[in-house]
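Please keep the sequence and the 3D view at hand while reading.

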Amino acid sequence: LALPLQAAELSAQDGVSILYINGQTAEEKIGVNQVDSGFNQVVIRFDEKLGGRNSGSVYTSKPYVLNIDAQGENIKIIAPKLYSESEAEAEFAKAKPGWTVLVDGTSVEFNQEVLAGKEGFLPYSGMDNLLTEHNKQNGIYFKNGQLIDKPMAVEAAVVSTVATVGKVTTNTATAEVTKATKNVEQLKAWYLQADTQERKEFRRWMIDQE
């Protein structure tokens, strides 16, 4: 039986724009969004006026993809403290800028990557397609805002094979499908916990096995 998902509220500090949640355009760019507790992918961007009141200008960063896997009722994303455009440029030149994610007031670990844009003018036009490609390269798939996995096709193939061959008993077939499902779930969990380099090495290993 599937356990009911715990509802959570996702928001961000002033100066942070929430662009996408789990592959879909965020309902509230600067407000509170309703999500399920557990794994959530959030695409954010720093948008804040920096410098003096009269001489300051709005600094806009590249979009960042944050993968957050935590249980709680309140998820809040905090931007690094910046006071000038030069500080912002230096901060966002880092591989991992100082974003903070609080879950029920406690800082949690998360994975972050800058979303790669296209070359030329307006590199982030069609951002939904860029995000889909980013997730495809990292083995992350969403359908209607819900996390799914490509390995689900493997599970379906196992069920189909068992039904077609018809050489095993119902109990044996059920046990095999259950085992395959558990294995896939474990692989999914390990993959989501891995960093970018580990995922690339794993995908190369998979190709070598074929």
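## Charged pairs

Lys-94 has a relative accessible area of 45%, so this residue is partly exposed. The model is a predicted one. The side chain of Lys-94 meets that of Glu-91 in a salt bridge. Glu-91, at a relative accessible area of 12%, is buried. Side chains of opposite charge can pair when their charged atoms come close. The count of salt bridges comes to two, and the other pair joins Arg-45 and Asp-47. Both Arg-45 and Asp-47 are buried.

| Salt bridge | N to O distance |
|---|---|
| Arg-45 and Asp-47 | 3.1 Å |
| Glu-91 and Lys-94 | 3.1 Å |

## Helix H2

Which residues of helix H2 are buried? In this helix, residues 127-137, they are Met-127, Leu-130, Leu-131, His-134 and Asn-135. These residues lie on the same side of H2, because they cover an arc of only 130° around the axis. An α-helix has 3.6 residues a turn, so residues three or four places apart point the same way. Asn-129, Thr-132 and Lys-136 are exposed on the other side of H2.

The buried residues of H2 pack against several strands, among them S2 (16-21), S5 (38-50) and S7 (64-70). Strands S11 (111-114) and S12 (141-143) are also packed against by these residues.

In soluble globular proteins, nonpolar side chains tend to be buried together. The largest nonpolar core here has 26 residues, and those touching the most other members are Ile-44, Phe-46, Ile-75, Ile-77, Phe-92 and Trp-99. At least two residues of this core come from each of S1, S2, S5, S7, S8 (74-78) and S9 (100-103). A second, separate core has eight residues, including Tyr-20, Val-43, Met-127 and Leu-131. Met-127 and Leu-131 are also among the buried residues of H2.

Ile-77, from the largest core, touches Leu-10, Val-42, Ile-44, Leu-66 and Trp-99, among others, when residues up to four places away in sequence are not counted.

## The segment before S1

Where is Gln-6 placed? Gln-6 is in the segment before strand S1 (7-12). With 35% relative accessibility, Gln-6 counts as partly exposed. Leaving aside neighbours within four places in sequence, Gln-6 is in contact with Val-35, Asp-36, Ser-37, Gln-71, Gly-72 and Glu-73. Gln-71 is 65 residues apart from Gln-6 in sequence, while their C-alpha atoms are 8.3 Å apart in space.

Note on methods: Residues numbered from 1 in each chain as written. Predicted model: local features only at pLDDT ≥ 70, side-chain atom pairs only at ≥ 80, totals over all residues. Heavy atoms only, no water. Helix = DSSP H or I, 4+ residues; strand = E, 2+ residues; numbered from the N terminus. Buried < 20%, exposed > 50% of the residue type's maximum accessible area, 1.4 Å probe, protein only. Contact = heavy atoms within 4.5 Å. Salt bridge = Lys/Arg side-chain N within 4 Å of Asp/Glu carboxyl O. Arc of directions from axis to C-beta. Core = buried A, V, L, I, M, F, W, Y, C linked by side-chain atoms within 4.5 Å.
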